Amino acid sequence: MERIRPYPGSIQIRVLKEMTRRARFQRNQPTAAEAMLWEYLRKGRLMGYKFRGQHVVRKYILDFFCPAVSLGIELDEEVHAEQKEHDMFRSDGLHEPGIQIFRFSNEGVLKNVEVVAGEISHTLNNIRRGT
């Protein structure tokens with residue numbers, strides 16, 4: 001049976017180029033919470049793991065991504081129920097390629113970035129130990 005691709009190749013390339021353009025823009029215009037957490041994640045500062053900011057995976061842009069352990073970090077604004085449903089759909093779509101997603105609120109990062117960085121460190125330790 002012939003495998004049917006969801007989009008013709010040229011459309012997929014255009015979508016990928018557009019997502020990359022958006023990610024580049026977002027990388028240059030971070031929210032206050034993203035900028036604050038990035039200081040903990042950049043250049044392997046968190047346990048030697050390197051993270052990428054505004055990383056494109058399929059049709060999604062992750063706020064932060066660690067390719068070594070397939071860990072995605074998403075920072076969420078205060079949202080209504082419809083947005084939460086959309087976020088869950090996104091998380092499900094990212095689990096398929098084996099990416100583990102952790103969500104934190106922007107407010108939580110702004111109030112106590114050290115706690116958020118500690119939770120990410122704890123997760124990285126668990127992944128390292130295989131638990």
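In which crossing, left-handed or right-handed, does α2 pass α5?

## Basis of the model

This is a predicted model, in which local features need pLDDT of at least 70 and side-chain atom pairs count only at pLDDT 80 or more, while totals for chains, interfaces and linings use all residues. Residues are numbered from 1 along each chain as its sequence is written, and side-chain values use heavy atoms, without hydrogens and water.

## Overall architecture

The protein chain contains five helices and four strands, which are DSSP runs (helices H or I, at least four residues; strands E, at least two) numbered from the N terminus. Their order along the sequence is α-α-β-β-β-α-β-α-α. Of the 131 residues, 36% are buried (under 20% relative accessible area, 1.4 Å probe, protein chains only).

## The buried side of α2

Helix α2 spans residues 32-41, and its buried residues are Ala 33, Glu 34, Leu 37 and Leu 41. These lie on the same side of α2 because they cover an arc of only 90 degrees around the axis, taken from the directions from the helix axis to the C-beta atoms. Their cover includes β1 (52-57), β2 (60-66), β3 (71-76), α4 (106-111) and α5 (113-129). Just after α2, Lys 43 has a positive phi of about 55 degrees.

## Packing of α2 against α5

α2 passes α5 in a right-handed crossing. The contact (heavy atoms within 4.5 Å) involves Met 36, Leu 37, Tyr 40 and Leu 41 of α2, together with Val 113, Glu 114, Val 116, Ala 117 and Ile 120 of α5. The angle between the helices is about 50 degrees, and their axes are 10 Å apart.

Methods. Buried < 20%, exposed > 50% of the residue type's maximum accessible area, 1.4 Å probe, protein only. Axes fitted to C-alpha atoms, helices over the stretch in contact; angles between N-to-C directions. Left-handed = near helix turned anticlockwise from the far one by under 90°.
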